Amino acid sequence: MTQPAIAIIGAGPTGLGAGYRLKELKYSNWTVYESRPCSGGLSGSFIDSKGFTWDHGGHVLFPTYDRIRQLLRQFGDDFFHKIKRKAFIRLGQSLVPYPIQLHKEFIPKNFSGHFHKEKASPKQREKSTDNFRDWLSNSFDAHLCEIFFYPYNNKVWGYPLEKMSTSWVKNRISPQTTTQVREGWGPNKTFLYPRKGGMGAVFNTLASFFDENIEFSSRVVAVDISTKQIWLKDGTKRAFDILISTMPLNELVSMIRGEVPETVRSMADRLHWNSCVVSGAGYAHQVKDQISWVYFPEKEYPFQRVTALSSYSKDLVPRGNTKTYSSLMCETTLKGDKWPRRRSILEGIERSRLLEDVENTDSVREPVSFTQFLIPYAYPIPTLERDRILSTIHGFLKKHDIYSRGRFGGWKYEAGNMDHSLMQGMEIIDRLLLGKEERVYSGY
Ligand SMILES: Cc1cc2nc3c(=O)[nH]c(=O)nc-3n(C[C@H](O)[C@H](O)[C@H](O)COP(=O)(O)OP(=O)(O)OC[C@H]3O[C@@H](n4cnc5c(N)ncnc54)[C@H](O)[C@@H]3O)c2cc1C
């Protein structure tokens, strides 16, 4: 019996997770179409002209599934550094350990106010509110909300907090009381980072297991549901029996040719996301403290987070020379289409005092390398109506043997990390070929 042809759009973590599982199951009739000449998607890396390696914003790997840990074991014992997170929040001149709600004693005096006891237990909280802003105000002291939660979340989401749901907060925001205080809170308290090649090395390695099944530089420009064909940018067409798409869901819907109900098209238009500009500055100076990353809630900084990328691996700076070089990577969520100016990023870094002190501290230090790029799809926003939208769209796609998965394919921030994405790819194959239930992206 001939195997149904499986086409996969995208060689990011989700598409590669699917490919890995197909290879494992010894399935042969499948192809990944990737628009770029390389794999990794948002989790890829590149080297700039001065020899600094950059990721697409701060990426750290903290696999929470046994299947992913097993997969990564095949890369060998030496592939990753295991790193203890050192994350802080910059308030005034102070670095307050992350998460701030568990380290209130470090908040500088001029920021401290009167902290009340937690208002509701986590269970009560879930019941009492459904929008994110109210959830914050119900969960944390008013002062903590004013100095951190509101300004930081406004910066990072760039979307009204009262129009966001709370479907994603579990595992992402620590409660105000927990037993896990001192040993570090959260799934990323220790994380993995490749010794060589940036985060992208994980996905280059994975792709190398089945390179022959990936067509690079093959952008899908249309999906014809009446003939079950995908159209590539070079004008050729490929037939599919089953299509797994990991491209942004709204773009997938808009490129479908054939009869698409108006409700599906209009629902796709109501999905929201934000875009982020990443500014990477490579210095011939050291970063002052041993930090992984720092959050910046204050308006005077043109970014919401700075990652000390060179602290993850010496391979990320020229000639592996971290005695001379360091690299800082700044993330700025776009409001409108104005990118943060180079000068304001460098001034912000200077003001943050993350770099070693030098004699003439008034001047803004020039980096040896500066690179800026846009991430057009950065965070899928969990709006209040998101789940209703997803049900309608997936219901329609499924009728045509199309399954959309991954960070923007599935549009669920809470299931949109690298390990979730790998799992989504593996699980959709298990569902299609073995009839197993999907767990990470369930219900569609
Ligand atoms: C700023 C930032 C920080 C992050 N930090 C972390 C972190 O610390 N830890 C973590 O686990 N995760 C993190 N993530 C999430 C991580 O990037 C994603 O989980 C992961 O990359 C999603 O994989 P994906 O395959 O679903 O999508 P993508 O990575 O977006 O891959 C989709 C692929 O599809 C291709 N494609 C798109 N359209 C087409 C088309 N028309 N034709 C052909 N190919 C197409 C793209 O080129 C891309 O390669 C972060 C994300 C961002 C934006």
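Which residues are the closest of those that surround the ligand? In this predicted model, the ligand is surrounded by 37 residues, and the closest of them are Gly10, Gly12, Gly41, Gly57 and Gly406. Two or more residues of this shell are given by each of three elements, namely helix H1 (13–24), strand S19 (369–380) and helix H11 (418–434). When the shell around the ligand is sorted by class, 14 nonpolar, 17 polar and six charged residues are found.

The domain assignment divides the protein chain into domain 1 (6–45 + 197–272 + 383–434), domain 2 (96–163) and domain 3 (273–380). Because both domain 1 and domain 3 give residues to the shell around the ligand, the ligand lies between these two domains. The centres of domain 1 and domain 3, taken over C-alpha atoms, are separated by 32 Å, and the contact between the two domains involves twelve residues of domain 1 and seven residues of domain 3. On the side of domain 1 that touches domain 3, six residues are nonpolar, four are polar and two are charged.

Two open sheets are described next, beginning with the sheet that contains strand S1. This sheet is built from five strands in the order S9-S2-S1-S13-S20, and its pairing is parallel. Strand S9 (214–215) and strand S20 stand at its edges, and because each has a single partner strand, one side of each is left without a neighbour in the sheet. Within the sheet, strand S1 (residues 6–9) and strand S2 (residues 30–33) run parallel and are joined by four bridges, with Ile9 standing opposite Tyr33 in S2. Helix H1, which also gives residues to the shell around the ligand, packs on this sheet and touches S1, S2 and strand S13 (242–245), while the direction of H1 makes about 150 degrees with that of S1.

Is Tyr403 buried or exposed? Around Tyr403, 26 other C-beta atoms lie within 10 Å, and this residue is therefore buried. Leaving aside residues up to four places away in sequence, Tyr403 touches Ile244, Leu397 and Ile428. Between Tyr403 and Ser94, by contrast, there is a separation of 309 residues in sequence and of 47 Å in space, C-alpha to C-alpha.

The other open sheet has seven strands in the order S7-S6-S16-S17-S18-S15-S19, and its pairing is mixed. Strand S7 (94–97) and strand S19 stand at the edges of this sheet, and since each has a single partner strand, one side of each is left without a neighbour in the sheet. From one strand to the next, the twist averages 25 degrees. Helix H9 (residues 342–352) packs on the sheet, where its contacts are with S6, strand S15 (273–283), S16, strand S17 (305–307), strand S18 (326–333) and S19, and the direction of H9 makes about 70 degrees with that of S15.

Strand S6 can be followed in more detail, as its pairing with each of two strands is described. Strand S6 (residues 87–91) pairs in the parallel sense with strand S16 (residues 293–295) over three bridges, whereas S6 and S7 run antiparallel and are joined by four bridges. Ile89 has a bridge partner on either side, with Tyr295 in S16 and Val96 in S7, while the bridge partner of Phe88 in S16 is Val294. Two residues lie between the strands in the hairpin of S6 and S7, and in this hairpin Gly92 takes a positive phi near 60 degrees.

In a regular strand the side chains alternate between the two faces of the sheet. In S6, Ala87, Ile89 and Leu91 point one way and Phe88 and Arg90 the other way, and all are buried. Because five of the five residues of S6 are buried, the strand is largely enclosed by the rest of the structure.

Ile173 and Val253 are 80 residues apart in sequence, and their C-alpha atoms are 32 Å apart in space.

Terms used
Residues numbered from 1 in each chain as written. Near = placed C-beta within 6 Å. Nonpolar A, V, L, I, M, F, W, Y, C, P; charged D, E, K, R; others polar. Domains from an automatic or database assignment. Pairing = 2+ DSSP bridges. Axes fitted to C-alpha atoms, helices over the stretch in contact; angles between N-to-C directions. Buried ≥ 20, exposed ≤ 12 C-beta atoms within 10 Å, placed from the backbone.
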